[in-house]
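Could you walk me through this structure? I'm new to it and would like a plain tour.

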Amino acid sequence: MSEKFLSRRKVLQAGLVSGVSLSVSTACASETPKTVTPRQTSGPFYPIVEQADKDADLTVVGNSPDIALGDIVTVEGGVYGDDGSPIADAVVDIWQANAAGRYAHETDRNQAPLDPNFQGWAILKTDANGRYRFKTVKPGAYPAASGWDRPPHIHFKVSRRGYHEITTQMYFENEPLNDVDLILKALSEPEQISVIATRNEVSGAFSFEIVLRKV
Ligand SMILES: [Fe+2]
């Protein structure tokens, strides 16, 4: 279901506006991931125009000397099976809005400006230890519907032969919009914690660990 077209009726049917607020913005993800990463909507903005540069540095397009606007962040983590074993050569396909909250997608009607220096999309592979890492800008919040602003998030599609593919979204800790987001709040509390990236105090990188269920 598209995040932009999730109707109020569906929201009510799903009991997502029960008024019970579960605050997980300050919760910390476990070092060893245990929760199978939940599926979340892919939204309407998966890239449809092929682009040459889909590498792990989203802050630069091609060989341009210019860099993307916004706060530069590193996101890193591992992809694991539900038995805890790291998954090498998993495909980690990521896409996101720029720092102003705008996707480089023809159907995004947000009036926020595009950033020609922001790559917006990357396709990575995990290394022999199941790890991935990329450099990007923190995405801006953006309006999804009247009265509903999506918190900063990055979309992930993760796949590997022998495991169930997932499409999901990663959030950033300590974002007030996390506590009122209809998509994030639809998950169980452990699932919410599992998709909110925490900042490593030593490296400064945001950590997002992903667990796939074996076929
Ligand atoms: Fe989105």
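**A walk through the chain**

Let's start at Gly204, which sits in the loop between β9 (196–199) and β10 (206–207). Helices (H or I, at least four residues) and strands (E, at least two) are DSSP runs here, numbered from the N terminus. Gly204 has a relative accessible area of 26%, so it counts as partly exposed. The cut-offs are these: buried is under 20% relative accessible area, exposed is over 50%, and partly exposed is in between, using a 1.4 Å probe and protein chains only. Gly204 and Val75 are 129 residues apart in sequence, yet their C-alpha atoms are 9.2 Å apart in space.

A word on what you're looking at: this is a predicted model, where local features need pLDDT of at least 70 and side-chain atom pairs count only at pLDDT 80 or more, while totals for chains, interfaces and linings use all residues. Residues are numbered from 1 along each chain as its sequence is written, and side-chain values use heavy atoms, with hydrogens and water left out.

Now step back to the whole chain. It has two helices and eleven strands, and from the N terminus on, the order is α-β-β-β-β-β-β-β-β-α-β-β-β. Of the 215 residues in the chain, 47% are buried. Take the contacts (heavy atoms within 4.5 Å) between residues at least 6 apart in sequence: 75% of these join residues at least 24 apart. The chain exposes about 10,800 Å², and carbon and sulfur atoms supply 51% of that; the areas come from the Shrake-Rupley method with a 1.4 Å probe, and for residues, only the protein chains shown count as cover.

Next, the metal. Which residues coordinate the iron ion? They are Tyr103 (OH), Tyr142 (OH), His153 (NE2) and His155 (NE2), at 2.0 to 2.1 Å. Donors are N, O and S atoms within 2.8 Å of the metal (3.2 Å for Na, K and Ca), and since water is not among the atoms, sites may look incomplete. Along the sequence, the donor residues follow the spacing Y-x38-Y-x10-H-x1-H. Both His153 and His155 are buried. Why is the arrangement irregular? Because the four donor atoms subtend angles of 89 to 164 degrees around the iron ion. Four donors count as tetrahedral if all angles lie between 85 and 135 degrees; four count as square planar and six as octahedral if opposite donors are over 155 degrees apart and all others between 65 and 115; anything else is irregular.

Last come the charged pairs. Side chains of opposite charge can pair when their charged atoms come close. A salt bridge means a side-chain nitrogen of Lys or Arg within 4 Å of a carboxyl oxygen of Asp or Glu, and by this rule the count is six. One of them joins Arg131 and Glu209, with the closest N and O atoms 3.3 Å apart. This pair links distant parts of the chain, 78 residues apart: Arg131 is in strand β4 (residues 131–137), Glu209 in the loop between β10 and β11 (210–212). Arg131 is partly exposed at 30% relative accessible area, whereas Glu209, at 14%, counts as buried.

Another salt bridge brings together Lys138 and Glu175 (2.5 Å, N to O). Lys138 lies in the loop between β4 and β5 (142–145) and Glu175 in the loop between β8 (166–172) and α2 (189–195), so the pair ties together parts 37 residues apart in sequence.
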